Number of protein chains: 2
Amino acid sequence: MNPGDRVRVDRADRTYEGVLLPSSTDDNLVVKLEGGYNVGVDRDGADVDVLAEDVYEIDGTDSTGADEAGSEIEFDDDLPTISLISTGGTIASTVDYRTGAVTAQFDAEDVLRAVPDLAGRANYRGRVVANILSENMEPPIWQDLAEAVHEEIAAGADGVVVMHGTDTMQYSASALSFMLETPVPIVFTGSQRSADRPSSDNVMNAVSAVEAAKSDCAEVLVCMHASESDDVCALHRGTRVRKNHTSRRDAFETVGAEPLGEVDYETETVSFRRDYQQRDAAELSIEPTLESDVELLKFTPGMDPQFLDVVEGSEGLIIEGTGLGHVHTDLIPRIEELIEDGTTVVMTSQCLEGRVCDRVYDTGRDLLEAGVIEGEDTLPGTAKVKLMWALANAEDVEAAMGTSLAGEIQERSVPWE
Amino acid sequence: MNPGDRVRVDRADRTYEGVLLPSSTDDNLVVKLEGGYNVGVDRDGADVDVLAEDVYEIDGTDSTGADEAGSEIEFDDDLPTISLISTGGTIASTVDYRTGAVTAQFDAEDVLRAVPDLAGRANYRGRVVANILSENMEPPIWQDLAEAVHEEIAAGADGVVVMHGTDTMQYSASALSFMLETPVPIVFTGSQRSADRPSSDNVMNAVSAVEAAKSDCAEVLVCMHASESDDVCALHRGTRVRKNHTSRRDAFETVGAEPLGEVDYETETVSFRRDYQQRDAAELSIEPTLESDVELLKFTPGMDPQFLDVVEGSEGLIIEGTGLGHVHTDLIPRIEELIEDGTTVVMTSQCLEGRVCDRVYDTGRDLLEAGVIEGEDTLPGTAKVKLMWALANAEDVEAAMGTSLAGEIQERSVPWE
């Protein structure tokens with residue numbers, strides 16, 4: 001048997017029939033099933049029948065086993081047009097057979113071939129903005145991405161799906177939330193497991209993201225598994241979402257609230273728990289400029305005050321303080337100097353949930369007197385992106401940081417919060 | 001009416017009888033009830049009857065309204081001896097009437113006077129190690145604290161309760177977890193709301209911590225409200241706990257698992273969900289030395305590489321990376337230089353839940369090749385404290401960072417994790 005053969009694999013009372021794909025390890029067989037799923041089967045104890053040899057051409061760059069002809073999808077006037085924008089990441093990646101690691105090498109058209117389940121749901125436009133692992137995401141690429149999304153919507157897309165690595169998806173979703181006013185959904189999705197792993201989440205996440213992009217919610221959303229099961233994807237507001245687990249498929253969570261909505265994978269219904277901005281409520285517009293000279297510092301006991309020296313001359317600093325928004329009091333005079341020199345300093349909390357309040361304790365009051373701005377309950381990472389945007393676009397940066405521009409500040413759940 | 005008067009307050013169908021305390025605002029009346037609780041009542045619409053004038057002396061430093069004579073507690077041979085160690089923080093604080101803010105000014109004996117419910121549960125020894133707001137906690141104070149706890153246990157304490165500000169409680173609990181082998185419980189507790197607020201959690205937390213300190217679990221624990229109700233305190237392992245909310249009384253959570261145990265406040269029963277180290281299983285010992293020249297850096301997109309320059313020459317660095325443990329690939333050569341220069345670099349994840357794994361993607365593999373050590377699923381803050389301890393005490397630091405020394409690394413919940 002060779003990659004590209006149609007095979008039937010029997011193991012432990014289960015039978016899989018499909019195309020054998022190259023596997024990244026000797027321990028596994030990877031079979032591409034009819035529905036587009038790839039399943040991994042332990043080679044140990046597996047019986048393999050070759051049903052037909054070499055039915056698909058497999059090579060290093062096209063290893064999906066999909067028929068090239070399958071990408072020729074006809075335009076259907078009755079379907080909405082969804083723009084698929086790829087930035088790289090696991091959902092748009094395949095295994096690098098040389099190293100056994102996962103590298104990004106697909107464009108959006110390839111994703112469509114790799115996920116046949118997307119067919120028939122929309123007319124697709126494909127576009128590649130970047131081809132990076134998301135830890136290499138940088139503010140200039142956020143600007144490229146926002147401009148690409150803007151162009152796609154201006155060109156008539158009824159919704160946009162952004163395929164993005166999960167490591168920094170929350171930062172990019174925040175960036176687009178501040179940069180764009182949108183009349184259509186902009187839905188980020190990705191994958192926590194690569195497509196050749198039996199537990200890959202790429203098909204369900206991509207399909208659910210397309211359904212969300214067809215919905216009535218014209219916001220920047222993140223669409224990822226809501227549980228370890230393949231039943232529901234959660235829809236998170238881009239400014240309130242956080243990758244809260246390194247490896248689980250349901251790693252993404254809305255911090256401090258239930259997700260905004262969800263996509264039921266079986267029934268393909270999209271539903272929402274709270275108010276959201278309706279499709280066509282906003283005019284399309286873009287403010288992609290960023291002041292990228294903004295840093296984030298997490299305070300921990302024993303922190304070297306010299307980290308504040310690096311910030312000297314910077315335009316902005318997000319502090320991830322303790323509790324209600326504190327740092328060691330010895331740091332306050334240095335922070336005051338930074339502010340006097342023109343750095344905008346915003347306090348957030350490493351607690352992640354709850355609101356910063358620097359009026360309760362002496363330390364906080366001293367920070368406020370030094371000129372530190374309270375970030376309310378904005379997540380620290382979101383606050384960094386927002387401050388980059390506000391410094392470039394807001395007339396009153398302090399007022400902007402205290403105002404919810406894109407859902408990043410939640411209503412107080414209790415009066416004292 | 002004046003502070004110190006015995007009063008009856010009627011408001012909105014509720015009646016409170018007790019001693020009027022000074023209030024930090026004009027909007028509230030604060031009444032110390034018989035049971036030791038302080039309750040805040042909205043002054044607007046409240047009817048106040050003065051039952052007796054000036055029954056307790058109130059001044060700026062003793063504002064609990066407790067009778068000084070109440071602190072003369074007799075020694076009871078039938079009760080265990082619990083050492084109460086104060087480091088400051090809300091539970092040991094009162095309102096600063098000049099500013100309206102909360103400052104730390106009580107020692108452990110004062111706590112006992114302020115929380116009469118502690119009486120009869122144990123014989124107490126009081127000790128003040130520090131009197132700081134916990135954002136000012138520093139590694140040398142962890143050493144003082146560990147030595148004080150060690151002395152108290154050596155002197156016969158059957159359990160230790162450490163009163164600590166909540167901002168950095170998790171860091172201090174981690175420090176003591178690594179520094180001490182203990183035959184008795186060491187229980188950290190604190191308060192999210194000061195004693196003059198109706199919602200104060202100080203009485204229940206202190207009482208529950210004493211009950212936990214009398215239990216059979218000879219570990220370093222954090223005892224704080226398990227929910228917003230006054231029913232159960234959770235017992236968290238010191239190395240796995242995190243303050244996950246800025247203001248809620250149940251802000252503390254065990255990350256990635258249920259809490260180790262709990263204290264039912266009504267029935268005063270202490271119960272555990274998982275195995276723990278039994279009382280008297282370990283010999284008392286202390287290794288309080290720390291290499292405090294260890295930094296923590298949280299990587300976010302757009303981070304200034306100069307932050308790594310600050311670390312140059314440091315003994316240790318914890319990176320809080322993205323996802324499975326990544327940073328921008330441009331930073332890897334600089335990290336490799338640090339390691340070559342003798343800095344021990346450990347990778348953790350800002351996801352907080354889940355395990356670092358740098359063997360999956362190219363970036364991670366490059367980090368491993370550069371000499372970065374995987375911190376498994378150790379929380380970033382705990383990893384910083386552990387690395388300080390390991391650099392001073394472990395023969396093989398890399399091996400120590402990959403081994404659970406005090407419950408900081410959890411068992412894999414699933415094979416691929």
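Let me begin with A:Lys243, which sits in strand β15 of chain A, a strand covering residues 241-243. Before I go on, please keep in mind that this is a predicted model.

So, is A:Lys243 buried or exposed? Its relative accessibility is 3%, and with buried meaning under 20%, A:Lys243 counts as buried. Who are its neighbours? Leaving aside residues within four places in sequence, A:Lys243 is in contact with A:Thr166, A:Asp167, A:Gln170, A:Gln192, A:Ala251 and A:Phe252, and also with B:Gly323 and B:Cys351 from chain B.

The side chains of A:Lys243 and A:Thr166 are joined by a polar contact of 2.8 Å. A:Thr166 belongs to the loop between β10 (159-163) and α3 (169-179) of chain A. A:Thr166 is buried as well, with a relative accessible area of 6%. Apart from residues up to four places away in sequence, A:Thr166 touches A:Ser134, A:Gly190, A:Ser191, A:Gln192, A:Met224, A:Lys243 and A:Phe252.

Now to the annotation. Which residues does UniProt list for "active site"? In an unreviewed entry, the record gives A:Thr90, A:Thr166, A:Asp167 and A:Lys243.

Since chain B has come up, how do the two chains relate? A rotation of 180 degrees, with 0.0 Å of shift along its axis, superposes chain B on chain A at an RMSD of 0.0 Å. That is how a two-fold axis relates two copies. Both copies use the same surface, as 100% of the contact residues of chain B recur in chain A.

Let me step back to chain A as a whole. Its secondary structure comes to nine helices and 23 strands. Chain A has 417 residues, and 60% of them count as buried. If we take contacts between residues at least 6 apart in sequence, 67% join residues at least 24 apart. The chain exposes about 15,500 Å², with carbon and sulfur atoms supplying 40% of that area.

On to charges. Side chains of opposite charge can pair when their charged atoms come close. How many salt bridges does a search of the whole structure find? Over all chains, the count is 48.

Here is one of them: A:Arg127 pairs with A:Glu152, with the closest N and O atoms 3.0 Å apart. The two are 25 residues apart and link distant parts of the chain, A:Arg127 being in strand β9 and A:Glu152 in helix α2 (residues 139-154). A:Arg127 counts as partly exposed at 26% relative accessibility, whereas A:Glu152 is buried at 4%.

Another salt bridge joins A:Glu312 and A:Arg334, where the closest N and O atoms are 2.7 Å apart. A:Glu312 lies in the loop between α5 (306-311) and β21 (316-321) and A:Arg334 in helix α6 (residues 332-340), so this pair ties together parts that are 22 residues apart in sequence. A:Glu312 counts as partly exposed at 49% relative accessibility, while A:Arg334 counts as buried at 16%.

A:Asn123 is buried, with a relative accessible area of 5%. Where does its side chain reach? The side chain of A:Asn123 reaches the backbone oxygen of A:Leu79 at 3.2 Å.

Note on methods:
Residues are numbered from 1 along each chain as its sequence is written. Chains are lettered from A and ligands numbered from 1 in the order in which they are written. This is a predicted model: local features need pLDDT of at least 70, side-chain atom pairs count only at pLDDT 80 or more; totals for chains, interfaces and linings use all residues. Side-chain values use heavy atoms; hydrogens and water are left out. Helices (H or I, at least four residues) and strands (E, at least two) are DSSP runs, numbered from the N terminus. Buried means under 20% relative accessible area, exposed over 50%, partly exposed in between (1.4 Å probe, protein chains only). Contact means heavy atoms within 4.5 Å. Accessible areas come from the Shrake-Rupley method with a 1.4 Å probe; for residues, only the protein chains shown count as cover. Copies are superposed by least squares on the C-alpha atoms of residues with pLDDT of at least 70 in both. UniProt positions are given in the numbering used here, feature names are shortened, and annotations may be inferred rather than shown by experiment. A polar contact is a pair of N or O atoms within 3.5 Å; within protein, one must be able to donate a hydrogen and the other to accept it, and residues adjacent in sequence count only if both atoms are side-chain atoms. A salt bridge is a side-chain nitrogen of Lys or Arg within 4 Å of a carboxyl oxygen of Asp or Glu.
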